[in-house]
Amino acid sequence: GVYTCRIPLQSGQMREINVGIYPAGFSTPPRVTALTSESFMSFTILTCTTTGSPATTVTWRRDGQLVTIDGHTYNMVQRVTNRASATYENVLIVSPPALGSTFTCTISNTLGSSAMSNSVTVGAKPCEAGYTLNPVTRNCDDIDECETNNGNCEQTCTNTAGSRECSCSCGYRLAS
């Protein structure tokens with residue numbers, strides 16, 4: 001069952017921690033307890049933490065579509081993190097990174113299927129024209145079009161938000 005441990009703190013407050021202890025063969029319904037993500041330059045890692053005994057079966061969806069573990073775009077590993085409480089980490093590795101996608105982790109076992117699923121939006125939606133995704137801040141940064149070939153301007157190039165403007169030196173006029 002689940003037991004509550006009460007720990008007295010130096011401040012005089014009490015901290016409670018719930019601990020699940022289940023004997024071998026004990027059955028508990030499946031439950032998603034956390035869904036986290038981390039994106040890198042060439043892949044995204046999603047971790048779906050679940051509980052349930054007997055072992056749970058995990059189904060992943062990307063933007064509502066069933067994910068097929070193919071060993072290329074999608075790889076999955078399930079590891080037991082705590083046998084006593086039947087806690088599992090179900091890790092989905094997506095390559096290339098899944099910017100702007102929503103993933104859902106749903107679990108089931110012989111006791112039935114959990115109605116609960118958690119979704120996480122990974123990364124950011126693609127940037128508009130004239131902007132590029134900054135891999136560190138995950139913000140869309142303006143591209144300075146004037147840095148490359150003077151923005152294809154004959155004389156003066158001025159960078160603007162998401163674009164550029166060409167202008168002429170004194171005594172010249174802009175051709176159409």
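Modeller: Here is a walk through the cysteines, pair by pair. The model is predicted. With sulfur atoms within 2.5 Å taken as a disulfide, the count comes to three.

Start with Cys 48 and Cys 105. Their sulfur atoms lie 1.9 Å apart, and they form a disulfide. The S-S torsion is about -80°, so this link is left-handed. Cys 48 belongs to strand β4 (residues 44-53) and Cys 105 to strand β9 (residues 101-109), so the bond ties together parts 57 residues apart in sequence. Cys 48 is buried, at 0% relative accessibility. Cys 105 is buried too, with a relative accessible area of 0%.

Next comes the disulfide of Cys 146 and Cys 157, with an S to S distance of 2.0 Å. The link is left-handed, with -75° about the S-S bond. Cys 146 sits in the loop between β12 (140-142) and β13 (156-160), while Cys 157 is in strand β13; the parts they tie together are 11 residues apart in sequence. Cys 146 is buried at 16%, and Cys 157 is buried at 15%.

Cys 153 is joined to Cys 166, S to S 1.8 Å. This disulfide is left-handed, again with a torsion of -75°. Cys 153 lies in the loop between β12 and β13, and Cys 166 in strand β14 (residues 163-167), so the pair links parts 13 residues apart in sequence. Cys 153 counts as buried at 8% relative accessibility. Cys 166 is partly exposed, at 25%.

Cys 168 is in no disulfide: its nearest cysteine sulfur, that of Cys 166, is 8.4 Å away. Cys 168 is partly exposed, at 28% relative accessibility. Cys 170 is exposed, at 82%.

Definitions and conventions:
Residues are numbered from 1 along each chain as its sequence is written. This is a predicted model: local features need pLDDT of at least 70, side-chain atom pairs count only at pLDDT 80 or more; totals for chains, interfaces and linings use all residues. Side-chain values use heavy atoms; hydrogens and water are left out. Helices (H or I, at least four residues) and strands (E, at least two) are DSSP runs, numbered from the N terminus. Buried means under 20% relative accessible area, exposed over 50%, partly exposed in between (1.4 Å probe, protein chains only).
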